[in-house]
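I opened the notebook to look up aromatic rings and the charges placed over them.

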Amino acid sequence: MYNTKKIIKNAFRISKVRGETAIRLRIPGGHLEVKYLDVIKDLAQRFGNGTVHLTTRQGYEIPGVKLSDIEKVREFMRKMIYEIEKSSNVILEEPEKGYPSAGTRNVSACIGNRVCQFSNSDTTLLAQKLEAAIYPNNYHLKVAVTGCPNDCIKAHMNDIGIIAGVLPEYDKEACILCEACLDNCKMRVTSALRIENYRIVRDEDYCIKCGECILKCPTQAAYRGKLLYRIIIGGRTGKKNPRMAGTFIEDASEEVVLAVCKNVYSFISRYIDPKPPKELIGYIIDRAGFDTFVHEVIKGITLNPEAKLAKKLDNPGYFYPVRK
Amino acid sequence: MADKSKMTRFSSEQGNTIFNILSRHYIIIAPVEKPGKGRFSDTSQVLYEQVDSFDEIEFFKKTHLSAKSVLLPLRQTMFSFRDNKPEEIDDEIRPMIIFLRSCDIHAIKVLDAHFLNGGGYTDFYYSRLRQKVKLFLIECEKPFENCFCVSFQTNKTDDWAAFMRKVKDGYEVHVRDEELKAYFPRNAENVAGPRFVEQDSCPIKIPQDIDASIFEDDIWKEYTLRCIACGRCTVVCPTCSCFSVQDILPEDKSAGERKRLWASCMVKKFSILAGNHDFRIKEGDRLRYRMLHKIYDFRKRQGFNMCVGCGRCDDVCPEYISMFKCVEKINHIIEAHSING
């Protein structure tokens, strides 16, 4: 009567209530013009049960929809989903058919520098660019963008996490040695700064490019240099081996971030084990080897001069004990 | 008010020619908006910088930092020494033009009081820079957010070498300085002289008599809980001019430099004495010290206020502590004292 595989691929869920479904709306970057809330409200009232669920990936999920109403729901939301995806430069070829895929989840983002002082970039904008780079796609992949290493979006729990950073530049002639940067880096971050002969010296090996020194400097002797991203890979939750993502590339440019995310898909298609449903990238890397992953993913990409590749993924994560 | 007949108008194009000749003899420093130079990502900031054309100047926005660093560099080499002998730094100092608003010109008057005749001495380093500076007035048609210059009587000034206004497709200028007159055309036009702000958006009464009993008031305890002692208020202030002195030596100590660099009474270690004795540890105490210096202590000595009401401290405070509100609170305390006897 209903083809569940097709329904799921279409971003509808198979509900525990027989005959019911729920539709998951993508909001790339988690930022939405409020005019769409009216459409979402109407959709929930006309076809759902009058409620809406805010998903962990910053989408809206409308529950209580009858499976028999799927066609009508698609028609009702056609214009909205077309416009929202278009704002990320994704053109839905057949919007009347709903979402073309649901495997690659909504690219989520922390609030970013549209509001937050700490954020080193417009995370929503980058999430939208990523959406354009990787959606639609059936591979199950979760991508999140966060504006600083505070990682409010929990990029560490995603298959690919992007952490925006900034290279702090230092104008020594504008430094009054108030030590605000030093004290703060010691208290909050990695103690990457020290004083040498009345100058602040930054230890490149320890600096995580969070930008805290820039925020604290009263004279702006520490100021914003290049925007650089840390790409982390293999984060996941799940019933076997939850794991935080580990650094794959440090100090990547935006071009590298976009290219890497695209290439991850060719790695998946080549090495995925088709047997378990939606094998996550972390498991694929474990099986194929990190070196193979790196080789495959940076193929054809010219890394920006600052970019540094990790040698290994060193966080094994947490294993639920398995009965032998 | 400038005499209308003395005003000259020239086009943006003519301006380039004037600028090119002027800049052969003067370094021209003015407000410039710098994209990406803000503290937060993707933000701009209006700063004082050397400019390469009149068109580059931002005439309509308040600068984040004042122009005081031109006269009092953040780090300044006083002299160097080699084998125990001092060597004077003999930099050639080029004449400068600084574009300033009325309040900032008043701020220079405060710096002059500190450095040209502070305690009867003239500061060598300040005065050699100051002598080379000519002030160009920029007008304010209306007060910016947080401005309270009228209350501090710094809204008007007559102390300028030239006045310049940006208009559509060009500039209007009134030059008073004899040396500068030669650089500008003399086509007298019927245009208005500098306009000054006549009314603060929130006028404030400046407290006249403040006694030491105010030290004990609870408002400073409240400020201790709010202030984070970052020092931004003193850095952006056009009249804060405290500095510390340090000797920078290489490992073998054979030669080195003595430098002075900005200090801040809001920042740790400012009031530290021998034996690590520190008498203003609490943030509220530091804030009280700064506040009373700005609106009272300086006036007792010089006869005019140190604060010029530019409001930059209010603009920059990450904790939204307002100089204006603090003066208001001080007024309330004084009133309550006088009512209660």
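Entry 1. I looked for charges over rings in this predicted model. The charged end of A:Arg26 lies over the ring of A:Tyr135, at 3.6 Å from the ring centre. I count a charge as over a ring if NZ of Lys or CZ of Arg is within 6 Å of the ring centre and within 35 degrees of the ring normal. In chain B, the charged end of B:Arg176 sits over the ring of B:Trp160, 3.7 Å from its centre.

Entry 2. I noted the ground rules: local features need pLDDT of at least 70 and side-chain atom pairs 80 or more, while totals for chains, interfaces and linings use all residues. Side-chain values use heavy atoms, without hydrogens and water.

Entry 3. Rings of Phe, Tyr and Trp (its six-membered ring) pair if their centres lie within 6.5 Å; planes under 30 degrees apart are stacked, over 60 edge-to-face, the rest tilted. A:Phe290 and A:Phe293 have ring centres 6.0 Å apart and planes at 25°, so I logged the pair as stacked. Both lie in helix H9 (residues 290–297) of chain A, three residues apart. Both A:Phe290 and A:Phe293 are buried (under 20% relative accessible area, 1.4 Å probe, protein chains only).

Entry 4. I then looked up B:Phe10 and B:Phe54, with centres 6.2 Å apart and planes at 45°, so this pair is tilted. B:Phe10 has a relative accessible area of 2%, and B:Phe54 one of 1%. I found both in one aromatic cluster, whose members include B:Phe99 and B:Tyr171.

Key:
Residues are numbered from 1 along each chain as its sequence is written. Chains are lettered from A and ligands numbered from 1 in the order in which they are written. Helices (H or I, at least four residues) and strands (E, at least two) are DSSP runs, numbered from the N terminus. Buried means under 20% relative accessible area, exposed over 50%, partly exposed in between (1.4 Å probe, protein chains only).
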